[in-house]
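Student: I'd like to learn how to read a protein model. Can you walk me through this one?

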Amino acid sequence: MYVKKLLYFLFTALIISILLTGCNHDLDNTIYMHKKPNNFYYTNILSQSIDSEPSYKCSILNVNFYKRKDLDNKNTAVITSMIKSLNKNNFVSKPENLNSKPAYKIFFTFNNKKMVMNVYDQQYVSVYPWDGNYSMDYIDMKGLPIALNIYNLCDYIFNSDSTN
């Protein structure tokens with residue numbers, strides 16, 4: 001009787017350990033194994049979010065001075081126009097000569113997500129979500145009109161009103 005119970009317990013423990021070992025697959029890590037669908041993936045999400053939610057919040061952080069300013073509709077329209085004027089040639093791999101720290105960060109806050117745009121210089125910006133699984137989208141702004149250059153917009157915002 002005692003041996004029968006011991007065998008039953010060992011068999012049950014063996015089955016449970018096999019089942020738990022089989023369930024050890026982490027589904028979140030499978031996302032990292034997949035390749036990013038395209039090099040404008042996050043920028044496309046940002047554009048769709050701007051179109052679907054016109055009352056989003058947008059602010060710029062000057063990384064060197066840790067100064068933050070909220071953007072009004074006039075200034076966010078410049079960003080929207082820049083995004084809409086991009087074509088596939090503007091999206092590049094991570095540039096080798098890219099600064100390690102951006103000059104400005106632009107935060108887009110929507111109802112269900114946050115997106116960030118790093119502004120490195122007059123040529124490069126990157127776009128990514130607050131909690132993304134893929135690498136950033138890198139954008140080369142060379143060839144865009146000066147009025148749509150995000151670095152110039154950031155400089156204007158922080159230098160036009162020196163009292164804030």
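Tutor: Strands (E, at least two residues) and helices (H or I, at least four) are DSSP runs, numbered from the N terminus. This is a predicted model, where local features need pLDDT of at least 70, side-chain atom pairs count only at pLDDT 80 or more, and totals for chains, interfaces and linings use all residues. Residues are numbered from 1 along each chain as its sequence is written, and side-chain values use heavy atoms, with hydrogens and water left out.

Student: In what order do the seven strands sit in the sheet?

Tutor: The order is β2-β1-β4-β5-β6-β7-β3, in an open sheet with antiparallel pairing. At the edges are β2 (67-70) and β3 (91-92), each pairing on one side only.

Student: How many bridges join β1 and β4?

Tutor: Six bridges link β1 (residues 57-62) to β4 (residues 104-109), in the antiparallel sense. Look for serine 59, whose bridge partner in β4 is phenylalanine 107, and for lysine 57, whose partner there is threonine 109.

Student: Which helix packs on the sheet and touches β1?

Tutor: Contact means heavy atoms within 4.5 Å. Helix α5 (residues 150-160) touches β1, β2, β4, β5 and β6. For angles, axes are lines fitted to C-alpha atoms, for helices over the stretch in contact, and the angle between N-to-C directions runs from 0 to 180 degrees. The direction of α5 makes about 95 degrees with that of β4.

Student: And what about β1 and β2, how many bridges join them?

Tutor: Four, and the two strands run antiparallel. Leucine 61 stands opposite arginine 68 in β2. In the hairpin, four residues lie between the strands, and tyrosine 66 takes a positive phi near 50 degrees.

Student: Why is β1 described as largely enclosed?

Tutor: Buried means under 20% relative accessible area, exposed over 50%, and partly exposed in between (1.4 Å probe, protein chains only). Five of the six residues of β1 are buried, so the rest of the structure largely encloses that strand.

Student: Is methionine 82 buried or exposed?

Tutor: Methionine 82 counts as buried because its relative accessibility is 0%. This residue lies in helix α4 (residues 73-85). Leaving out residues up to four places away in sequence, methionine 82 touches Met117, Leu144, Leu148 and Ile150.

Student: Where does pLDDT stay under 50?

Tutor: pLDDT is the predictor's confidence in each residue, from 0 to 100. Over residues 26-31 the value stays under 50. The protein's mean is 84, and 90% of its residues reach 70 or more.

Technical notes:
Pairing = 2+ DSSP bridges.
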